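Here is a friendly walk through one protein model, with the sequence and the coordinates side by side. Keep the viewer open as you read.

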Amino acid sequence: MAQWLERLCMAVCNGLSSSGYENVYFHKPNDIYANNRKLGSVYVGMQDDVIVANGTLYRSLDISTMLRALRVPKEKLTVDGIHTAGLHFTTLQNQSAADLVNLKESLARFMAQMCNLETLVHTPWIDSVSHSPRGGHEQFPEPDHGRTYSGFLATSGGVLHGSITLDDELRISSAKIGGNVYVRPHHLFKKIQSVWYGASESEISQRMESLLYDLRWEMSGFSPGHVIKLFHRLFERNRIAQQLAITASAANSFMVHDPDGDMDAMEIAAQAEAVLVPYCAKPAWCKWRHKDGCSRCGKCDVGDIYDLAGRQGLKVTTVKNFEHLEQTLKTLKLQDTRCYIGMCCNNFYIKHEDAFRAAGIPALLLDIAGANCYDLLQEQAAYSGKFIAESAIDLEVAAKVIHIAHQSNACH
């Protein structure tokens with residue numbers, strides 16, 4: 001599927017370029033860009049050994065209506081928020097009906113050449129809005145009710161999301177898998193969910209192997225090992241909740257970054273030698289908000305983190321912007337830092353997982369709550385250190401994690 005998807009995306013780009021569009025390229029796995037803005041997407045699936053492809057190019061966009069249709073939080077629907085979202089997209093140039101026909105024929109010609117097919121049917125452009133019923137949308141995470149754990153795993157094929165609910169014997173009573181990934185057959189994840197019903201953690205690998213043995217399957221850009229790794233992380237959340245005496249919801253805020261894949265969350269915490277906090281967790285009025293440091297005035301959670309970690313021998317750094325994060329991670333690497341504890345929103349980690357991976361240092365990251373730059377569509381301001389809203393750190397959870405690091409460092 002990855003090969004076909006790449007072929008079709010290249011064909012669309014060639015068709016656009018042939019029609020006069022400049023700086024057209026595709027961003028893996030499936031987005032079409034022109035002049036560094038998204039112009040559309042191509043999707044593929046497989047049913048009964050038949051490749052089914054579907055693509056969309058934007059002729060016009062109503063960003064405000066789009067955000068409302070996606071049911072985004074109201075705080076995104078500001079003038080600045082809508083403007084910022086609009087900067088991510090572009091549309092087909094204003095063209096006459098004849099120009100659109102030529103573009104259509106150009107796209108068809110290049111797709112036919114790429115697939116070694118003939119163009120047999122001319123399909124008119126679709127100008128009307130479809131009102132066909134939409135299928136249900138599964139969201140992650142599920143509502144927390146006792147032992148429901150959710151999380152994600154970034155892979156080269158996309159981000160996998162999963163959730164499990166455990167019964168009293170720590171067996172899976174329900175499981176869900178999803179993500180912006182390509183798989184076949186189209187119901188592969190549902191099959192995995194089904195065979196894992198009633199499984200303990202030690203049984204999920206064998207059940208996965210048995211399922212895939214007689215099944216023609218494909219996972220584009222990731223492997224069954226990634227799915228299994230994600231669900232081991234979900235089982236691990238139960239152990240974290242028990243060890244730290246925290247709720248399942250609090251345990252779901254843990255993000256384990258382990259480049260080598262052989263450490264669990266508590267091992268990383270135990271070997272942590274540094275703590276990174278985001279500047280957006282400092283109050284907007286604080287003169288230290290955009291500085292690496294803290295007066296420890298006691299008026300915010302960041303000050304408490306500095307005070308607690310400082311007393312226990314851990315170096316704390318306030319990350320001022322994305323470039324500062326990269327510099328800080330390079331410094332930690334040069335200092336042979338074993339592990340570190342960090343705080344950031346899951347959106348930031350997903351988008352910049354490659355930067356964390358490039359540093360090559362295991363990290364235990366805690367998700368932050370409250371208003372973050374992604375929720376407010378102000379990520380560009382945040383990257384440059386100009387975000388003015390405030391996020392929140394779960395101080396109780398952070399303190400327990402830092403205490404684990406202190407215990408280990410005290411032993412050394």
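## The chain as a whole

The protein chain has 15 helices and 16 strands; helices (H or I, at least four residues) and strands (E, at least two) are DSSP runs, numbered from the N terminus. Of its 412 residues, 46% are buried, where buried means under 20% relative accessible area, exposed over 50% and partly exposed in between (1.4 Å probe, protein chains only). Among contacts with a separation of 6 or more, 62% link residues 24 or more positions apart, a contact being heavy atoms within 4.5 Å.

The model is predicted, so local features need pLDDT of at least 70 and side-chain atom pairs count only at pLDDT 80 or more, while totals for chains, interfaces and linings use all residues. Residues are numbered from 1 along each chain as its sequence is written, and side-chain values use heavy atoms, with hydrogens and water left out.

Helix α1 covers residues 2-18. Its 17 residues reach 24 Å from first C-alpha to last, close to the 24 Å expected at 1.5 Å a residue (the expected span is 1.5 Å times one less than the number of residues). L5, L8, C9, A11, V12, C13, G15 and L16 are buried in α1. Just after α1 comes G20, with a positive phi of about 105°.

N23, in the loop between α1 and β1, has a positive phi near 55° without being a glycine, and it counts as partly exposed at 42% relative accessibility. N35, in the loop between β2 and β3 (37-47), likewise is not a glycine and has a positive phi of about 55°; N35 is exposed, with a relative accessible area of 52%.

## Cis peptide bonds

K28 and P29 are joined by a cis peptide bond with omega about 5°. P29 sits in the loop between β1 (24-27) and β2 (31-34). Another cis bond runs from R184 to P185, with omega near -5°, and P185 belongs to the loop between β8 (183-184) and α5.

Two packed helices are described by the angle between their axes and the distance between the axes. Here axes are lines fitted to C-alpha atoms, for helices over the stretch in contact, and angles run from 0 to 180 degrees between N-to-C directions. The axes of α5 (residues 188-195) and α6 (residues 204-213) come within 10 Å and cross at roughly 135°. That makes α5 oblique to α6; angles under 35 degrees count as roughly parallel, over 145 as roughly antiparallel, 65 to 115 as roughly perpendicular and the rest as oblique. L188, K191, I192 and V195 in α5 meet R207, M208, L211 and L212 in α6.

α6 and α7 pack at about 150°, with axes 10 Å apart, which makes α6 roughly antiparallel to α7. From α6, I204, S205, M208 and L212 meet P224, V227, I228, F231, H232 and F235 of α7.

## R233 in α7

Is R233 buried or exposed? This residue of helix α7 (residues 224-244) counts as buried, at 15% relative accessibility. Leaving aside neighbours within four places in sequence, R233 is in contact with V256, D258, M263, D264 and A265.
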